[in-house]
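This report covers a predicted model.

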Amino acid sequence: MTTEPRWTLLEGEALRIMAELPDASVDAVITDPPYSSGGFTRGDRMATTSNKYVQTQTKTIRADFAGDNRDQRGFEKWCALWLDEALRITKPGGSLLMFSDWRQLPLVTDVVQIGGWVWRGIVPWDKGEGTRPRRGGFRSQAEYCIWGTAGGLRDDHEAYLPGWIHVPVTRNDKHHITGKPTDLMRELAKIVPLDGLILDPFCGSGTTGVGAIMEGRRFLGIEKIPDYAAISRRRLEEAENTPMLFAESPGMTSPPAPLFELPDPEGLELCAACETLRPLDALDFEDPEAPVCASCIDESFAEHG
Ligand SMILES: C[S@@+](CC[C@H](N)C(=O)[O-])C[C@H]1O[C@@H](n2cnc3c(N)ncnc32)[C@H](O)[C@@H]1O
């Protein structure tokens, strides 16, 4: 592990800042840009982000965010511009992981290719059944992470990652109107090797960076709205100062790499399912002989859900 600072946050316009970044300098671009989606009409799309995405009964007030009201042609052109810049900045074989919703999925899979990336697939993010049901139809329970690479896939990273990720949204892990869960971003960070550098040009409250740091990767974030840049800085500092037990990578062939000295070996117990040392308060002792951690419990629900 490097001892240099593991994250940088730049406040301002992404396209302008990206233009200053050197060629082939990051291992991956992992981002959740504005979707320019929501509603069925142009008027719906032009609404403020809090009107579009915050349910009326929600009490928390968060700042509106930038760039979410382009029309379809403007959105496509804008994505092509930043995706082209992102490709230049990414090392050969590095990955793009870009979120979208069901409405914009066809446009986004096209524009990733227009931007010059090799389209590799889609990783659905299952948000769980906390999402609003739809009378007479299907729940919008998933968002989609579009995967592309800068040319051929790198062959020096022994990761075998899942084709679908289930992580519910929880209120205490949401720091932005459309914030992603930290555990989701931790899973995605594993697309780069330990110590690899991840760029998020639309980083909002910094969840991509928090996930990257928790997994032993490094992070460069860009955000235009000062409120969210400040939230990102606070969360990134907290993540960097929080000792981690392990960088878990279930798909990796080698054992998990220790990131830090364990703070208190006495306070840890092995999860019977994933065989990872966990703090006692992260385990369910319903069976005292075989405690199980929360992520293993979630996974078993997902399997049978
Ligand atoms: C969907 S949000 C990202 C949320 C993030 N994944 C999280 O968990 O907090 C997209 C962010 O990109 C920012 N943004 C939009 N256009 C931008 C631009 N041109 N330059 C920099 N930031 C921009 C928005 O202000 C917003 O905070």
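## Ligand surroundings

The ligand is surrounded by 22 residues, and the closest of them are Ala-14, Gly-67, Phe-202, Gly-204 and Thr-207. By class, the shell around the ligand consists of nine nonpolar, eight polar and five charged residues.

## Overall make-up

The protein has 305 residues, of which 35% count as buried. Its secondary structure comprises nine helices and 14 strands.

Contacts between residues at least 6 apart in sequence were also sorted by separation: 66% of them join residues at least 24 apart.

## Helices α4 and α5

Helix α4 spans residues 72-89 and helix α5 spans residues 105-114; their axes come within 9 Å and cross at roughly 40°. The crossing of α4 and α5 is right-handed. On the α4 side, the contact is made by Gln-72, Phe-75, Glu-76, Cys-79, Ala-80 and Leu-83. On the α5 side, the residues are Leu-107, Val-108, Val-111, Val-112 and Ile-114.

Residues three or four places apart in an α-helix point the same way, because there are 3.6 residues a turn. The residues of the contact of α4 with α5 comprise nine nonpolar, one polar and one charged.

## Helix α6

Helix α6 covers residues 182-189 and is mostly covered, with seven of its eight residues buried. The buried residues of α6 are Thr-182, Leu-184, Met-185, Arg-186, Glu-187, Leu-188 and Ala-189.

Methods: Residues numbered from 1 in each chain as written. Predicted model: local features only at pLDDT ≥ 70, side-chain atom pairs only at ≥ 80, totals over all residues. Buried ≥ 20, exposed ≤ 12 C-beta atoms within 10 Å, placed from the backbone. Helix = DSSP H or I, 4+ residues; strand = E, 2+ residues; numbered from the N terminus. Near = placed C-beta within 6 Å. Nonpolar A, V, L, I, M, F, W, Y, C, P; charged D, E, K, R; others polar. Contact = placed C-beta atoms within 7 Å. Axes fitted to C-alpha atoms, helices over the stretch in contact; angles between N-to-C directions. Left-handed = near helix turned anticlockwise from the far one by under 90°.
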